[in-house]
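Here is a colleague's note to read alongside the sequence and the model. Please keep the structure open while going through the numbered points.

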Amino acid sequence: MSQQQFMQNPWSNWMKGEGPDSDIVISTRLRIARNLRQHPFPLLATDSQAEEVVRKVTEVSESDAMRKRHHLQVIHMDQVNPLEKRVLVEKHLISPHLAEESRKGAVLLNPDESVSIMVNEEDHIRIQVLLPGFRLNDAWEIGTKIDDTFEKNLNYAFDETRGYLTSCPTNVGTGIRASVMLHLPALVMTQQISRILQAINQVGLVVRGIYGEGSEALGNLFQLSNQVTLGMSESDILSNLYGVARQIIEQERVARTYLLEHTRVTLEDRIFRSYGILMYARTVESKEAAQRLSDVRLGIDLGVIPGVSPLVLNELLVTTQPGFLQQHAGQKLTPDQRDERRARLIRERLADTEKPKGK
Amino acid sequence: MNCEECGKRPATLHLTKIVNGEKTEYHICEHCAQEKGDVFTGFHNFSINNLLSGLLKFDPMQKGVKESTANKTLRCETCGLTYAQFSKSGRFGCSDCYTFLGDRLDPLFRRIHGNTQHIGKVPERTGGQLKIRKELEQLKQALQTHVASEEFEKAAEMRDRIRALEQKMAQS
Ligand SMILES: [Zn+2]
Ligand SMILES: [Zn+2]
């Protein structure tokens, strides 16, 4: 795949929402932070020291073992424009930090974008595996193999007591951050979410929801991840996260069933209103789009709206964001222009899926 | 209300971020939101550094003056990072910083992780000896359990594997 295609193709593997529990778990992400001994961390490194790290990491990625499995392609951050960087951020392939602040940063991507390896982000190496649905173990298996290959060829900064040494003390030890992106509209509607979020904070996990006004999360999407990286083994971290996510998934299912049984008309009304707005609106702000898309997605998952693929929603979550809209338009857009384009894009995609699939 | 970033335009985006029960509110304009990255992916850069330096500065158990002057002269010989710089930025400069700052990091790690000792994965090559030692510990435990439950065949098997590993260690 060419660099251009990474920017223009809206599809990453993680959006293909076909994994286990994909009615609730949008994606699973695993990140492994590693550093090289005898190289200053990226925050202090000079440009030439940073380039040296990119060179070393790239060399390993071109080795036979790695090439056979992953076909990684290198994208140097100083060779992509700000809009393209933004698209990579919106696809969750690089962090805002790599896009905006790193000098001599790079990312290695495999063709289906399930593996992205950031170089010179906050740490020298950040291996990221991003899969659709609830697949923590698969993500770990892919990630740890890549880690092993790097380790065979590079001198990792590792210490017997502290484990893998990272730039930030919050990542030291295992260096792993595992997370699942959860769509929890029913727990939000039944107002159980705050109680659950409080409980989660007490077991070494963190939830990030980006909140709009009031208490509703944008698009009802929440990212659940481990907070502790030192003093717990990788399998403890993963099974802890797995167990808690499992509980939340079950609670969301219970809440969905409850809403269907007790407030069916109200629920259907809300879902179809959102669907109607998205089908016909001429301008939609990103915040409203996220909320309406969440309603429609719930409608699809509950079988209230038949005939629309949930994958369309995953795609729209990404393609209606500012970077993608502007990339698609081939120019910078004002917020008003973006709202208009967003509305049109959503209309067209939903209309597409309405037609019976002839083949 | 005006935007907290630029102070010029009216704030149209009101975000509340909750991390660990800590609530932070943001009021910014569309323009600055765009600069910062979109609402789905942005906004994770700001808080953790400030939080960390807060953790480092406040230690009610610390005896104060003496300890902190000792900290002042601490410096990583490899990258030159001082303790003061570290406590301000919450970031290490290189992997040797961990050695130079040493035990002083324990209280910080305890607060962040509730722990100070790594117990996870060990790299094959750079951590080879450690890996063998950990395996030895496990084998010795297994040996004891087998002896205790009178499974002597299995115990003998463990004993052989322990011997082989010990030889391997002596050689390397
Ligand atoms: Zn502003
Ligand atoms: Zn240092």
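**Notes on the two chains**

1. The place to begin is A:Asn220, which sits in strand E10 of chain A, a strand made up of residues 217-226. Please bear in mind throughout that this is a predicted model. The phi angle of A:Asn220 is near 55°, a positive value in a residue that is not glycine. Is A:Asn220 buried or exposed? With a relative accessible area of 1%, A:Asn220 is buried, because the cut-off for that word is under 20%.

2. A positive phi is also found at A:Glu113, where the angle is about 65° although the residue is not a glycine. A:Glu113 belongs to the loop of chain A that runs between strand E3 (106-109) and strand E4 (115-119). At 1% relative accessibility, A:Glu113 counts as buried.

3. A:Glu252 is part of helix H9 of chain A, which spans residues 234-262, and its relative accessible area of 0% makes A:Glu252 buried. Which residues does A:Glu252 contact, once its neighbours within four places in sequence are left aside? They are A:Ile24, A:His183, A:Leu184, A:Pro185, A:Ala186 and A:Leu187. As for A:Pro40, it lies 212 residues from A:Glu252 along the chain, and the C-alpha atoms of the two are separated by 45 Å.

4. One further point in chain A concerns a charge and a ring: A:Arg34 lies over the face of A:Tyr164, at 3.4 Å from the ring centre.

5. Turning to chain B, the student will find 8 helices and 2 strands, and the order from the N terminus on is β-β-α-α-α-α-α-α-α-α. Chain B has 172 residues, of which 37% count as buried. Among the contacts in chain B with a separation of 6 or more, 35% come from residues 24 or more positions apart. The chain exposes about 10500 Å², and carbon and sulfur atoms supply 51% of that area.

6. Which atoms coordinate the zinc ion (ligand 2)? The donors are the SG atoms of B:Cys76, B:Cys79, B:Cys94 and B:Cys97, at 2.3 to 2.4 Å, and along the chain they follow the spacing C-x2-C-x14-C-x2-C. The 4 donor atoms subtend angles of 96 to 122° around the zinc ion (ligand 2), so the arrangement is tetrahedral. For comparison, the ideal angle for four tetrahedral donors is 109.5 degrees.

7. The aromatic rings deserve a careful look, since a pair of rings is described by the distance of the centres and the angle of the planes. Over all chains, the count comes to 7 aromatic pairs. One of them is formed by B:Phe86 and B:Phe92, which are stacked, with 4.5 Å from centre to centre and 15° between the planes. The rings of B:Phe92 and B:Tyr98 have their centres 4.1 Å apart and their planes at 35°, so this pair is tilted.

8. Ring pairs link B:Phe86, B:Phe92 and B:Tyr98 with B:Tyr83 and B:Phe109 into a cluster. B:Tyr98 is buried, as B:Phe92 is.

How values were computed:
Residues numbered from 1 in each chain as written. Chains lettered and ligands numbered in written order. Predicted model: local features only at pLDDT ≥ 70, side-chain atom pairs only at ≥ 80, totals over all residues. Heavy atoms only, no water. Phe/Tyr/Trp six-rings, centres within 6.5 Å; stacked < 30°, edge-to-face > 60°. Buried < 20%, exposed > 50% of the residue type's maximum accessible area, 1.4 Å probe, protein only. Lys NZ or Arg CZ within 6 Å of the ring centre and 35° of its normal. Donors = N, O, S within 2.8 Å, 3.2 Å for Na, K, Ca; no water. Tetrahedral: all angles 85-135°; square planar, octahedral: opposite > 155°, others 65-115°. Helix = DSSP H or I, 4+ residues; strand = E, 2+ residues; numbered from the N terminus. Contact = heavy atoms within 4.5 Å. Areas by Shrake-Rupley, 256 points an atom, 1.4 Å probe, with all protein chains shown as cover.
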